[in-house]
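Work through the following exercises with the sequence and the model side by side. Each task is followed by a solution that goes step by step.

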Amino acid sequence: MRSLILVTASRYLAPLLLAASVWILLRGHNEPGGGFAGGLLASAAFALKVVSNGVAAARRALRVDPHWLLGAGLLTALTSGLPALLAGRPFLTAGWIAVPLPAAGSWDAGTVLWFDAGVYLVVLGAVLLIVFTLAEE
Amino acid sequence: MNLLIVLLIPFGLAAAAPGVCHLTNRLTGWLLAAPVAALTVLVAAWGPDVWREGPRLSHLPWAPSIGLSLSFRLDGLSWLFALLITGIGALVTVYAGAYLGAHPRLGRFYASLLFFLASMLGLVLADNLLLLFVFWELTSISSYLLIGFDQEREAARRAALQALLVTAGGGLALLAGFVLLGQIGGSFELSALFPQAATVRGHSFYGPILGLILLGAFTKSAQFPFHFWLPAAMEAPTPVSAYLHAATMVKAGVYLLARLSPLLADTQAWFWSLTPAGAITMLVGAITALCKTDLKQILAYSTVSVLGILTFLAGLGTVTALEALAVYLLAHSLYKGALFLVAGAIDHETGTRDTSQLGGLRHSMPLTAAAGLIAALSMAGLPPVLGFISKETLYEAGLRAPQHAVVLTKLLVVTAVALFAVAGAAGVRPFFGPPQAPGRQPHEAPVGLWLGPVILAFGGLLFGLIPGRLEQAVETAVRAVAPDRSVQVRLSLYHGLNPALMLSALSVAAGFFLYRLHARYPGPIEPWPALARLAPARAYESALLALNRLASWQTQRLQSGYLRSYLLIIVTAALGLSAVPMVMHRVVLPLSLDLNPRWHELLLGTVILAGIVTAVRTTSRLTAVASLGVVGLGIALLFAWLGAPDLAMTQLAVETLTVILLVLVLYHLPDFSRLTPARGRRRDATVALAAGGFMALLVLIVNSTESDSRLAAYFLEQARPLGRGCNVVNVILTDFRALDTLGEITVLAVAAVGVYGLIRLRLHGGRRA
């Protein structure tokens, strides 16, 4: 049985949660947050979808299999170590590029964020793999 | 630098292979082979540089604090191997496209095959021992995937697991040997270790190092008694057998022996462990090969035999022996690769690999027959093919052995005689005699299937006719193995009327006689019936069985399957393990408590305590879940107030997800009631209170003692200048300790897949172990 209130609420809540999770991932280097917390929040968004609309709908919303997220996340984290290697420094040494912003100043883009995005994806994949499988039982 | 790129290209190709397959199903083999062929040309073009200027080195730090670096070395030895790996790799890539056709898992096959190619290339190019080990294990893993490619067949899965356990088990010994070597030499770089050969040989650890490294090399190169995995690995698709289990991977052990020769060879221990092992392997392999009728089994056992010969030569260690090793290795890769591919083509066209059912195929498959015959000539050691020259140098090496030359030469002749007959059985008999009538009418194989064997076989013929072109390559390879000796290589078909030529003539005559004799017994023969019970394969089976029994015994003892008993064991163990050292080291307990809680902290503490009491006393599951939620959220709030917003955030998310997970499994849980008797509950309460009290005490101790750790200060100071971040926790996780985090998320991913597997197993009514 579907609860109309939950379905309607999740339609607005899930995108908000996802957006918040990305925001938490991005701000993580300077303020509380990061890939782990962000990934957990993003999984909460999809878990909400599971409870409100069922697993099938949640899987459709995710578009890819959680297994795939695990692999993609590990690859992302792994590749973030390669630029340092190509520059002749130890694997996973952080590298930074100052990206000039249109308004004023610049934003430091680093391999660290790329690495954290990998953590985010792995956490999301791991939680959803378990949640989806349990929900299908 | 460019050596790393040589590796990145095939790794990239492996990743791209499934996509390429998806887009272009029929042309995949050719498309993927093109870059590999280009790589071959690139490697080949480096040859003259290496001959003239010596080894080409490149170095990149990877994890310098543990001595791991991406350092590569291209010298004569690795160049020879790299050329074989890329060249035969390109041919096999084409062949596999035609052999497997429109197989639904073709993409995965190519991904594994190219991944293997890249790993093998890394293995022979690595200059760092740890790096070499990494690639060594990667080849074992890709070999596992390729042997078990027909995953539906149990035999294929068993063979894959067997090969993995044997070679990766040896790999662990190898790692231990490498670590010891690195400890003695103070470096894992081969370039830094080579000058210290005298220290290594004189060290008291020399024996253990040699033993461990030989265990790794012997398992990989299928030396007796570890040879059994190789014939079993013939469950793999034929291109894989040709490439991994004849031309390249099984030679990794021999490569390692040659590579480490400058460090470890020239001792009695070296001679007496390699030469007998090689001699036994070459005899057992050659004789067993004669008893088989399945083409691939015949070829597999003859490969075992040749690997024995190569180990034998590495054991002799003279310049002549090393020269023979290089030439024999090259000749064998060419002819054995060709013969395997021919066997695959025959199987593809006739539907059988049984030599007693094959005959007269030269009419219907002329090109395949030509390739098979020339390869067989090379294997038999007849002129004018490269195999003849390699056998001549082999006899030379035997005759000039430093000790026991007569006995050793006799063993070589016996092996060569047997291999002559094997060559006839595998490469000649299927094409001659009356045409047999297998299930269907055979036709010449498509171009993809004959191109590879024809090029390999004619390559052997070409090098036999102009062996002078190989001299430089062989000389540089030998010089890489024996750097401090004068090396002068002369290769030709005719060396004059010398003892080696006499022995050659003798072994050809005896081999021909044996071949005719063998032809009279078409059926398979059980080679060692009396020894069957002692066969190494049996020992492997019983060891595996015993291991499984031990595992299920200890599982029954330790794993009750009840969460409550796991919790009890974990908490008690943690309590004991941390309390005992504290008592032993007489940790001072804080006497004065200066807590000064503020009112909102007290309030929160009361709420948390109330939640705990409710959770313990309630008779309703929902109440228990809700009150545990109160506890969790209260703790999250506490984190937030005490200045750990990161922890609070994570704790909140975990609490939320826990509730969702509980909702999902709620209906599957048994009734919520008190099952444990009062005594058990009292015990649980004691443990819980003790653990909680202990943790509280620990926190108080940590807070009251002056910590002399400079780590925290370092992280706090350096987070902004070095890590360019204000969130120190995150900077540590993603920058200072990124390698740890990478390990942690890997564990997380593996654990998730494990949980998934367990749940699915239950779903499909899987039986409980």
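Two residues are in contact when they have heavy atoms within 4.5 Å of each other. The model is a predicted one, in which local features need pLDDT of at least 70 and side-chain atom pairs count only at pLDDT 80 or more, while totals for chains, interfaces and linings use all residues. Residues are numbered from 1 along each chain as its sequence is written, chains are lettered from A in the order in which they are written, and side-chain values use heavy atoms, with hydrogens and water left out.

**Exercise 1. Describe chain A as a whole.**

Begin with the secondary structure, in which helices (H or I, at least four residues) and strands (E, at least two) are DSSP runs, numbered from the N terminus. Chain A has 6 helices and 2 strands, and from the N terminus on its elements follow the order α-α-α-α-α-β-β-α. Next take the extent: along its principal axes, the C-alpha trace of chain A spans about 60 × 35 × 20 Å. Finally, consider the contacts with a separation of 6 or more, of which 63% in chain A are accounted for by residues 24 or more positions apart.

**Exercise 2. Locate the strand pairing in chain B.**

Two strands pair if DSSP finds at least two bridges between them. Strand β1 (residues 56-63) and strand β2 (residues 68-74) of chain B pair in the antiparallel sense over 7 bridges, and B:Pro61 in this pairing stands opposite B:Ser69 in β2(B). The two strands form a hairpin with 4 residues between them, and in the turn B:Gly67 has a positive phi of about 80 degrees.

**Exercise 3. Determine how α5(B) and α6(B) are arranged.**

Axes are lines fitted to C-alpha atoms, for helices over the stretch in contact, and angles run from 0 to 180 degrees between N-to-C directions. Helix α5 (residues 129-147) and helix α6 (residues 154-185) of chain B pack at an angle of about 175 degrees, with their axes 8 Å apart. Angles under 35 degrees count as roughly parallel, over 145 as roughly antiparallel, 65 to 115 as roughly perpendicular and the rest as oblique; α5(B) and α6(B) are therefore roughly antiparallel to each other.

**Exercise 4. Is B:Arg105 buried or exposed, and which residues does B:Arg105 contact?**

First place the residue: B:Arg105 is in the loop between α3 and α4 (106-125) of chain B. B:Arg105 counts as buried because its relative accessibility is 14%. Leaving aside its neighbours within four places in sequence, B:Arg105 is in contact with B:Phe149, B:Asp150, B:Gln151 and B:Glu152.

How values were computed: Buried < 20%, exposed > 50% of the residue type's maximum accessible area, 1.4 Å probe, protein only.
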